[in-house]
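Please open the model in your viewer and keep a selection panel at hand. The stops below each begin with something to select and then say what is found there.

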Amino acid sequence: MANEYDLVVLGGGTGGYVAAVRASQLGLKTAIVESGKLGGTCLHKGCIPSKALLRSAEVFEQTKKADTFGVETEQPTLNFFKVQERKQSIIDTLHTGVQGLMKKGKIDVYEGFGRILGPSIFSPSAGTISVEMNNGDENQMLIPKNVLIATGSSPRTLPGLEVDEDYVMTSDEALSMKELPESIVIVGGGVIGIEWASMLTDFGVEVTVLEYTDRILPTEDKDISKEMTRLMKKKGVKIVTGAKVLGETLKKETGVEVQAEHKGETKTYSADRMLVSVGRSPNVNNIGLENTDIVVENGAIQTNKYYQTKESHIYAIGDVIGGMQLAHVASHEGITAVEHMADQDPMPMNMEQVPSCIYSNPEAASVGLTEDQAKEQGYNVKVGKFPFKAVGKALVYGNSDGFVKIVADEETDDLLGVHMIGPHVTDMISEAGLAKVLDATPWEVAHSIHPHPTLSEVMGEAALAVDGKQIHG
């Protein structure tokens, strides 16, 4: 028996379930097909569990410094079992919440693996979904008017650095570690690699990061990369940039040993375990794309600004289309796609208005163009920069490293980009995001009154600094 829907969403991750909720609000009969658990990678293998572990690492590190606040305690010990227990409790709570949203929206959830079929007796065009049910029941046939592909992505590896159960892992396996290694080599110094480096070193693990490019966080503003490098090294992380890891040299006996080309020499790096953090690949295989006219380039599904594929009734969002592989991006793409299929005339998303965050200790966050990008695009830029050490609340917190950097257009005074590193900047970046949406100028940001004492004062001072008018620096 076939079931008909206005929309079937392939994938119940953050982008998929948010799109389904919006579709339900618009009166569309909606179903989700998910082979794992609702919430997807973000909830179960990404955003939430990694941030739970990062928070435990931060508390552990702060507790070691309690005496600087006048709080005298015995030296803290880490119970990693309880750390993992807390992480899972948070995941379970949020998972229950997502399930509740499906019931509230009367969204049908099919627990199984969905594939797109070509034209058939069910439909003259591609788009019927065949669901291979997890429980072994007969395949379910779903006939939708529209399909939304939200199948996400999976961690990449490098040749020779294939994952095993004992020594080599990606972030998926690392999140489930039962005990911490004494030392680890992290291959890749991007966002995920640096978050893990920060977390593990705060937990007391000896960390070495091998990054192929000439700096860690290569997509961030150079000043952010430089400051993060300084602060990671201050924490004890060994960072090696310009390192080409030779996967074929990997040895695994009582630990891992691998060679890398660095500055014209071949050097050997060893540790108890290895974490491979070299990006993520869109999940486009085995979902029936070959039965459609959908175009895939460089492993990602191609769409227009409303996330329609070459098949106008089939949309795709999130990591599977490449671009900024962020949960909040996928959610907004999903809302845009659903509103478009429901003739709501949504506004296309402007990627220069999307904040990105790094949840290491210290945190980093940004929105808009880096200084180099702005110059490459022909802008005559002016820059304002202001340190946390000149902000009273940062000293109260005992964490005054970092700064806020604002990039503006010299001619129009338009805000081009904001880049932050320091305490709680992932919570502060939304002000900059709103400023970008409203096409604000640094003058307007500076004249938004920032209460004292707060960390947010650094934003107002950085905006003043664009024109050399900062008060406390």
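The tour goes from the cysteines to a sheet, then to the nonpolar cores and the salt bridges.

This is a predicted model, in which local features need pLDDT of at least 70 and side-chain atom pairs count only at pLDDT 80 or more, while totals for chains, interfaces and linings use all residues. Residues are numbered from 1 along each chain as its sequence is written, and side-chain values use heavy atoms, with hydrogens and water left out.

**Cysteines**

Select C42 and C47, which are joined by a disulfide with an S to S distance of 2.5 Å; a disulfide is taken here as a pair of cysteine sulfur atoms within 2.5 Å, and by this rule the count comes to one. The angle about the S-S bond is -130°, and the link of C42 and C47 is left-handed. Colouring by relative accessible area (buried under 20%, exposed over 50%, partly exposed in between, with a 1.4 Å probe and protein chains only) shows C42 as buried at 16% and C47 as partly exposed at 28%.

**A three-stranded sheet**

Next select β11, β12 and β13, which form an open antiparallel sheet in that order. Strands here are DSSP runs of E with at least two residues, helices are runs of H or I with at least four, and both are numbered from the N terminus; two strands pair if DSSP finds at least two bridges between them. The edge strands are β11 (243-252) and β13 (265-271), each of which pairs on one side only. Strand β12 (residues 256-262) pairs with β13 in the antiparallel sense over seven bridges, and E257 stands opposite S270 in β13.

**Nonpolar cores**

Select I129, I149 and I301, the residues that touch the most other members of the largest nonpolar core, which has 44 residues. Such a core is a set of buried Ala, Val, Leu, Ile, Met, Phe, Trp, Tyr and Cys residues joined through side-chain atoms within 4.5 Å. Apart from it lies another core, of 34 residues, among them I186, L217, M228 and I239.

**Salt bridges**

A salt bridge is counted when a side-chain nitrogen of Lys or Arg lies within 4 Å of a carboxyl oxygen of Asp or Glu, and a search of the whole structure finds 20 of them.

Select E132 and R115, whose side chains meet in a salt bridge with an N to O distance of 3.0 Å. This pair links distant parts of the chain, with E132 in strand β4 (residues 129-133) and R115 in strand β3 (residues 108-116), 17 residues apart.

Move to K235 and D202, which meet in a salt bridge at 2.7 Å, N to O. K235 lies in helix α7 (residues 222-235) and D202 in helix α6 (residues 191-202), so the pair ties together parts that are 33 residues apart in sequence. K235 is partly exposed at 24% relative accessible area, whereas D202 is buried at 3%.

Finally, select K385 and D223, which form a salt bridge with the closest N and O atoms 3.5 Å apart. K385 is in strand β21 (residues 381-387) and D223 in helix α7, 162 residues apart.
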